[in-house]
Amino acid sequence: MIVVDGRTDREKLFELLKSGGECSELDFKETLDFSKKIDELDFVKDAVSMCNHYPGGYIVIGVDDDGNPSARSEDTNWVQFDGAVLTDKIRKYVQAPLTAISQLHEVDGHTYCLVCLLSLEDGLLVPFSKLGQK
């Protein structure tokens with residue numbers, strides 16, 4: 001069971017990686033490149049989906065579907081995963097105060113980004129306000 005508590009520290013990363021795999025509160029991404037529209041839209045879709053499922057969820061970038069370090073993430077531009085950048089990406093498509101909390105972690109020479117997305121306090125679902133084309 002994943003406890004969505006807003007933490008993005010190293011211990012939370014280890015907890016999620018050992019959880020046994022993806023579920024409605026946890027998604028693994030090998031890599032994302034926001035210069036590609038398809039990656040931006042996939043991230044936003046997953047982020048809004050997590051926010052619409054109380055209490056929210058986590059996205060771990062830099063791992064395969066089994067939670068193992070991804071070789072595909074070696075060339076990833078990790079600066080693009082700043083919480084403010086991620087929040088701006090999401091808010092381009094929704095009119096709600098959704099916020100992404102993110103933190104980078106270096107473990108045994110591999111970089112991970114842990115992103116937490118919490119549901120709105122009022123419990124209302126967040127609809128998309130803008131169409132995205134891949």
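Analyst: Lysine 92 is partly exposed, because its relative accessibility is 38%, between the 20% and 50% cut-offs. The model is a predicted one.

User: Which residue forms a salt bridge with lysine 92, and how far apart are the closest N and O atoms?

Analyst: The partner lies in helix 2, whereas lysine 92 lies in the loop between helix 3 and strand 3 (100-107), so the pair ties together parts that are 52 residues apart in sequence. The salt bridge of lysine 92 is with glutamate 40, and the closest N and O atoms are 2.9 Å apart.

User: Is glutamate 40 buried or exposed?

Analyst: Buried means a relative accessible area under 20%. Glutamate 40 has a relative accessibility of 4%, so this residue counts as buried.

User: What is the N to O distance in the salt bridge between glutamate 30 and arginine 72?

Analyst: A salt bridge needs a side-chain nitrogen of Lys or Arg within 4 Å of a carboxyl oxygen of Asp or Glu. For the side chains of glutamate 30 and arginine 72, the N to O distance is 3.7 Å.

User: How many residues apart in sequence are the parts that glutamate 30 and arginine 72 tie together?

Analyst: Glutamate 30 belongs to the loop between strand 1 and helix 2, and arginine 72 to the loop between strand 2 (56-61) and helix 3 (83-91). Glutamate 30 is partly exposed at 28% relative accessibility, while arginine 72 is exposed at 55%. The parts that the pair ties together are 42 residues apart in sequence.

User: Which residues are linked with Arg7 and Asp9 in a network of salt bridges?

Analyst: The side chains of arginine 7 and aspartate 9 meet in a salt bridge at 3.0 Å, N to O. Arginine 7 is partly exposed at 31% relative accessibility, and aspartate 9 is partly exposed at 24%. The residues linked with Arg7 and Asp9 in the network are Asp5, Lys12 and Glu15.

User: How many charged residues are in the lining of the largest pocket?

Analyst: The largest pocket holds about 320 Å³ of space and is lined by 17 residues. Strand 1 (26-29) and helix 2 (37-51) are the elements that give two or more residues to this lining. Thr31, Leu32, Asp33, Asp39 and Arg72 lie nearest the centre of the pocket. The lining divides into three nonpolar residues, four polar and, for the class asked about, ten charged.

Terms used:
Residues numbered from 1 in each chain as written. Predicted model: local features only at pLDDT ≥ 70, side-chain atom pairs only at ≥ 80, totals over all residues. Heavy atoms only, no water. 1 Å grid on protein atoms, 1.4 Å probe; cavity = no way out; pocket = protein on both sides within 12 Å on 5 of 7 lines; lining within 4 Å. Points joined across faces, edges and corners; volume = space filled by probe spheres on them. Helix = DSSP H or I, 4+ residues; strand = E, 2+ residues; numbered from the N terminus. Nonpolar A, V, L, I, M, F, W, Y, C, P; charged D, E, K, R; others polar. Buried < 20%, exposed > 50% of the residue type's maximum accessible area, 1.4 Å probe, protein only.
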